[in-house]
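Please prepare a briefing on the structure shown below, grouped by topic, with the cut-offs behind each term stated where the term comes up.

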Amino acid sequence: QVQLVESGGGLVQAGGSLRLSCAASGRIFSIKVVGWYRQAPGKQRELVATITAPGTTNYADSVKGRFTISRDSALNKNTVYLQMNSLKPEDTAVYFCNARMDDYFGTNYWGKGTLVTVSS
């Protein structure tokens, strides 16, 4: 089992920045990929960025050049960050952290989300 807790959301003006954190606990050494997803009102959940255990990153086209996913460099590597710069009103959404495990089924765990609101 893995528990994920997001933090760092809030209200920011367009052009501003926020840093989201995803703190993981439990079987963290079995996590294969950690991702940030977001869901805007009335829309489907979409991928924002991912980082693999070795550190490879991937971004949605809509956030490339503005968002950066990273993880802490401590030995336990249990926190993943999403630095969001040049925020736009269309970035407004609930942001969720996801962990996909390295087991046979690719088990997924989700956090409860953190709300980001970007005002124009």
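The briefing below goes from the strands to the disulfide, the aromatic rings and the backbone.

This is a predicted model, in which local features need pLDDT of at least 70 and side-chain atom pairs count only at pLDDT 80 or more, while totals for chains, interfaces and linings use all residues. Residues are numbered from 1 along each chain as its sequence is written, and side-chain values use heavy atoms, with hydrogens and water left out.

**The four-stranded sheet**

- Four strands form an open sheet in the order β1-β3-β8-β7, with antiparallel pairing; strands are DSSP runs (E, at least two residues) numbered from the N terminus, and two of them pair if DSSP finds at least two bridges between them.
- The edges of this sheet are β1 (2-7) and β7, and each has a single partner strand, so one side of each is left without a neighbour in the sheet.
- Neighbouring strands of the sheet are turned by 15° against each other on average, direction ignored, where the axes are lines fitted to C-alpha atoms and angles in general run from 0 to 180 degrees between N-to-C directions.
- The antiparallel strands β1 and β3 are joined by six bridges, and Ser-7 stands opposite Ser-21 in β3.
- Strand β3 (residues 18-26) also pairs with strand β8 (residues 79-84) in the antiparallel sense, over six bridges; here Ser-21 stands opposite Tyr-81 and Leu-18 stands opposite Met-84.

**Strand β4 and its partners**

- Strand β4 and strand β9 (residues 93-101) run antiparallel and are joined by eight bridges, with Trp-36 standing opposite Cys-97 in β9.
- With strand β5 (residues 46-52), β4 pairs in the antiparallel sense over six bridges, and the bridge partner of Arg-38 in β5 is Glu-46.

**The disulfide**

- A search of the whole structure finds one disulfide, a term that stands for a pair of cysteine sulfur atoms within 2.5 Å; this one joins Cys-22 to Cys-97, with an S to S distance of 2.0 Å.
- The torsion about the S-S bond of Cys-22 and Cys-97 is about -80°, so the disulfide is left-handed.
- Both Cys-22 and Cys-97 are buried, on a scale where buried means under 20% relative accessible area, exposed means over 50% and partly exposed lies in between (1.4 Å probe, protein chains only).

**Aromatic rings and charges over them**

- Two aromatic pairs are counted, under a rule by which rings of Phe, Tyr and Trp (its six-membered ring) pair if their centres lie within 6.5 Å, with planes under 30 degrees apart counting as stacked, over 60 as edge-to-face and the rest as tilted.
- One of them is the edge-to-face pair of Tyr-37 and Trp-110, at 5.0 Å centre to centre with 65° between the planes; Tyr-37 in strand β4 (residues 31-39) and Trp-110 in strand β10 (residues 108-110) are 73 residues apart, and the pair thus links distant parts of the chain.
- Trp-110 counts as partly exposed because its relative accessibility is 39%.
- The rings of Tyr-104 and Phe-105 have centres 5.3 Å apart and planes at 90°, so this pair is edge-to-face; both Tyr-104 and Phe-105 are exposed.
- The charged end of Arg-19 sits over the ring of Tyr-81, 4.1 Å from its centre, and that of Arg-45 sits over the ring of Phe-96, 3.8 Å from its centre; the criterion is that NZ of Lys or CZ of Arg is within 6 Å of the ring centre and within 35 degrees of the ring normal.

**The surroundings of Phe-67**

- Phe-67 lies in strand β7 (residues 67-71) and counts as buried because its relative accessibility is 2%.
- Not counting residues up to four places away in sequence, Phe-67 touches residues including Arg-38, Val-48, Tyr-59 and Tyr-95, where contact means heavy atoms within 4.5 Å.
- Phe-67 and Leu-82 are 15 residues apart in sequence and 6.7 Å apart in space, C-alpha to C-alpha.

**Positive phi values**

- Most residues other than glycine have a negative phi.
- Ser-86 has a phi near 50°, a positive value in a residue other than glycine; Ser-86 is placed in the loop between β8 and β9 and is partly exposed, with a relative accessible area of 40%.
- Gly-42 takes a positive phi near 75° in the hairpin of β4 and β5, which has six residues between the strands.
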